[in-house]
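Hi everyone, thanks for coming. Let me put the sequence and the structure up on the screen, and then we'll walk through a few spots together.

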Amino acid sequence: MGTTGWGVADLVHAKDVALEHIHVLRWEDGSVLGTMPVNKTFGQQVVIHRADLHNALVERALALKNVELRVNSLVTDVQFDPASVTLADGTVVSGDVVLAADGIKSVIRGKLLEDESVKPAPVGDAVYRLILPRSLMVNDPELKKLIDEPQATRWIGPGRHVIAYPVRKHELYNVVLTHPDRGGVDESWTTKGSKQNMINDYLGWDSRVRKIIDLVADDEILEWKLCLHPPLKTWIRGSVALLGDACHPML
């Protein structure tokens, strides 16, 4: 990520955690299966909360005189040549080009391809996504060590795995728990998961995993279906181009 060239590096590093190792642990007892140092050949690898990265980019963009940010401006339609977009309130915004960075559920993608049938393929897994505040973890020595140290931890088990690491200068702990997809979850960033399902999915796992799950409030569990998106035949039409997750989302 070219944050240095964009002048965003300081804003990112103010909120990130520079990782040193990735520890791979056995699911049942937490014994160490392997430890990999972070590869620094091309620079320090860091982890950051998505919102902190977005805010850094927005802050840097808004410092430029020719950037205007409009909120509550849902794009509902697009014209390709000359380029313009229509907002939900009917406003038309014109430009030399339109870059549609409207995410994995892109509205513009279907219009650009003239084919609404580009469907993601479920891979058979889903993930629970949790973020715990430091205050919940520091009273337990095992959990305090997890959030204090600049390490990523992976637990590997039958049909499941967990990856976790601190973000926001060790103030938050990010946890992603992969499990078989039961078919009832949409591809969404905001679908609420069931705490009881999560408890059941990780019965018998390392005590640290079960402690993390116990700390989560019932309504703070997000569940996310994993899907593969087929390559698109094109990312460009007229003076409109797709960008980011709208055209090449990674699993």
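So, which residues touch the most other members of the largest nonpolar core? They're Y173, L177 and Y202, in a core of 23 residues. By nonpolar core I mean a set of buried Ala, Val, Leu, Ile, Met, Phe, Trp, Tyr and Cys residues joined through side-chain atoms within 4.5 Å. Buried is under 20% relative accessible area, with a 1.4 Å probe and protein chains only.

Quick housekeeping: this is a predicted model, where local features need pLDDT of at least 70 and side-chain atom pairs count only at 80 or more, while totals for chains, interfaces and linings use all residues. Numbering starts from 1 along each chain as its sequence is written, and side-chain values use heavy atoms, leaving out hydrogens and water.

Back to Y202. Leaving aside neighbours within four places in sequence, its contacts (heavy atoms within 4.5 Å) include Y128, H161, L177 and I213. Apart from this core lies another one, of 15 residues, V85 and L112 among them.

Now look at K195, in helix α7, residues 195-201. Helices here are DSSP runs of H or I, at least four residues, numbered from the N terminus. K195 is buried but has no salt bridge, meaning a side-chain nitrogen of Lys or Arg within 4 Å of a carboxyl oxygen of Asp or Glu. The nearest side chain of opposite charge, D218, is 4.1 Å away.

Last stop, helix α3, residues 50-62. Its buried residues are D52, L53 and A56, and they pack against α2.

How values were computed: Buried < 20%, exposed > 50% of the residue type's maximum accessible area, 1.4 Å probe, protein only. Helix = DSSP H or I, 4+ residues; strand = E, 2+ residues; numbered from the N terminus. Lys, Arg positive; Asp, Glu negative; His and termini not counted. Expected span 1.5 Å × (residues − 1).
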